[in-house]
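Hello,

Here is the structure we talked about passing on. My notes follow below it.

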Amino acid sequence: MTTQPAEHNPVINQGSMADTPDGQLPVGLTLPDGEALLSVRNLKKVYQTDGGGIEAVRNLTFDLPKGELTCLVGPSGSGKTTLLKAISGLLEPTAGEVKLAGKLVTSPPKNMAVVFQEYGRSLYPWMRVRENVELPLKVQGMDKAKRDQLVDEALEAVGLDHVPRSYPWQLSGGMQQRVAIARAVAYQPEVLLMDEPFAAVDAQTRADLEDLVRRVWRQLGVTILFVTHDIDESVYLGSRVVILSSSPTVIQQDIKIDLPDERDQLGTRSSQRFSELRHHVYEQIQLAKEGFRPDAAKAQA
Amino acid sequence: MRFLKDFLHIVALPALLIAAWILWSAQSTSFFVPTLEQMSNAFSTTWTWGRMQSDVFPSVARLIAGLVLSIVIGIVVGLLVGSFRWLRQLMEPTMEFFRAIPPTVLIPVFMLLIGIGDDMKIAVIVLGAVWPILLNTIEGVRSMDEVLSDTSHTYRIDGFARIRYLILPSAMPQIMAGIRQSLSIALILMVISEMFASSAGLGYTIIQFQRSFAIPEMWSGIVVLGLIGVIMSCIFQIVERSVLKWYHGQREMENAG
């Protein structure tokens, strides 16, 4: 890791203003062409309703370098889920584009997996744990021996190798989410999107699952985009935190989390740097909730 | 002990009804109420192996053919209509129209169009029994969980695999409920379809006995009909329990939690 900065303020990642149409919007970290694994450019989503259009996401621009664990954090109702659906190709953006490994995303790409918040509704209740993890591979047409090996490894990685014959609904919430993570791991994606995956599990299970995500990330070298509303979680997990404004969403700030790579629930969370970063993110979220608009602020400056 | 108790619960009411009938018929002088002795005689002389082969088995075969066709048509059309909104809009008024027509009034029309053979009788059964399966399948496909649907999309489970692994199993509880309703409709229509222009079959036999005042024989035919219904429902329950094991298990967990 780099040496910690002397001042308390975190390092702010700043992309090139030239990436936005009017050159005025704040943007997240951007990389030169060809270096980013996932790149989001001027993403906008307006929902058409009977009462007129609702602008959920105004303009988002940021890049995800390969192998990074990025947390997206924002106040509730800041369009986090909309953003994630647009990135995963489930939702067509009104404007802007998402590129994965240089290819435009228009439908769910092959090298991407998503873990949803509602674990009880994302697993197939008519299939056993093992079949749930295996299904995407089976549909791909992968041969049985290779499938078995990947499923075994994935179940072992999430600590579920003892329950392959159970049905998901026979397991606790935390264990069900582990199954969903195992399914994503076995799928061998380059990018793993996680949409508030631990919002519905209890605090103790949550800590275990956070460490699981860190472990899987470091073992497999997968790129993760982790969406959460939990400030502590974002700082603890990420190597970078992207803070979203309130709706209509733009990027408020994109900061580097310069905590050591080895993290543990007790030591990391009680460290001086953790609390500074947490403090900073908290302040930014409070600002966002009060209606601070980074786009308006930039325009005035 | 538990098994014995369950068994008693199951047989208690039938035993009580039979006892009541024995007592009542013993003192009754009515021509239409046969005694136990008359009934058992009529039963054993009427429902011989020969009669089973000429009248019961063909009826049951038509019933099964009608049900299988209804299930296949109901599920296939239901999957299509449930999946596409435009198809639903296109089909809805027409389906409501045909659903409202009692299949029995179409028997004379079918006799002219298809003839008086097995085809006509099976067509009558299908025309009545297909609706609950069709409508339940449409509803089952439409009530698909959004998260599960998104999950399947992100793992690129599309096309035929989507039907096989997602849509069909997720609609299965509703499809089964539809089939359960169709069983009794099919049985009724099997009997009615044999009451017109027929020379064999269970429905025909019962009507013949009634017209020739062979009252105990007529009653015994009705008992056979009831027994077929009970057997069908038993088979259905066994199939349902194995197909929807996950569904009942999940419901139990939800109720317990």
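Please keep in mind that this is a predicted model.

I began with the interface. The rule finds three salt bridges between chain A and chain B. In one of them, A:Lys85 pairs with B:Glu146 through their side chains, at 3.9 Å from N to O.

Which elements of chain A supply at least two residues each to the side that touches chain B? They are β6 (112-115), α2 (119-122), α3 (129-140) and α5 (173-186). The largest share comes from α3(A), with four residues. By class, this side of chain A has 20 nonpolar, seven charged and two polar residues.

In total, the contact takes 29 residues from chain A and 22 residues from chain B. The two chains bury about 2,400 Å² between them, and 67% of that is on carbon and sulfur atoms. On the chain A side, A:Arg121, A:Trp126 and A:Trp169 lose the most area to chain B. Together they account for 30% of what that side buries.

Next, strand β7 (residues 191-195) of chain A. Five of its five residues are buried, so the strand is largely enclosed by the rest of the structure. A:Val191, A:Leu193 and A:Asp195 point one way, while A:Leu192 and A:Met194 point the other way.

β7(A) pairs with two strands in the parallel sense: β6(A) over four bridges, and β8 (residues 223-228) over five bridges. A:Ala113 has A:Leu192 as its bridge partner in β7(A). A:Met194 has A:Phe226 in β8(A).

Best wishes

How values were computed: Residues are numbered from 1 along each chain as its sequence is written. Chains are lettered from A and ligands numbered from 1 in the order in which they are written. This is a predicted model: local features need pLDDT of at least 70, side-chain atom pairs count only at pLDDT 80 or more; totals for chains, interfaces and linings use all residues. Side-chain values use heavy atoms; hydrogens and water are left out. Contact means heavy atoms within 4.5 Å. Buried area is the accessible area (1.4 Å probe) that two parts lose on being put together, summed over both. A salt bridge is a side-chain nitrogen of Lys or Arg within 4 Å of a carboxyl oxygen of Asp or Glu. Ala, Val, Leu, Ile, Met, Phe, Trp, Tyr, Cys and Pro count as nonpolar, Asp, Glu, Lys and Arg as charged, and the others, Gly among them, as polar. Buried means under 20% relative accessible area, exposed over 50%, partly exposed in between (1.4 Å probe, protein chains only). Two strands pair if DSSP finds at least two bridges between them.
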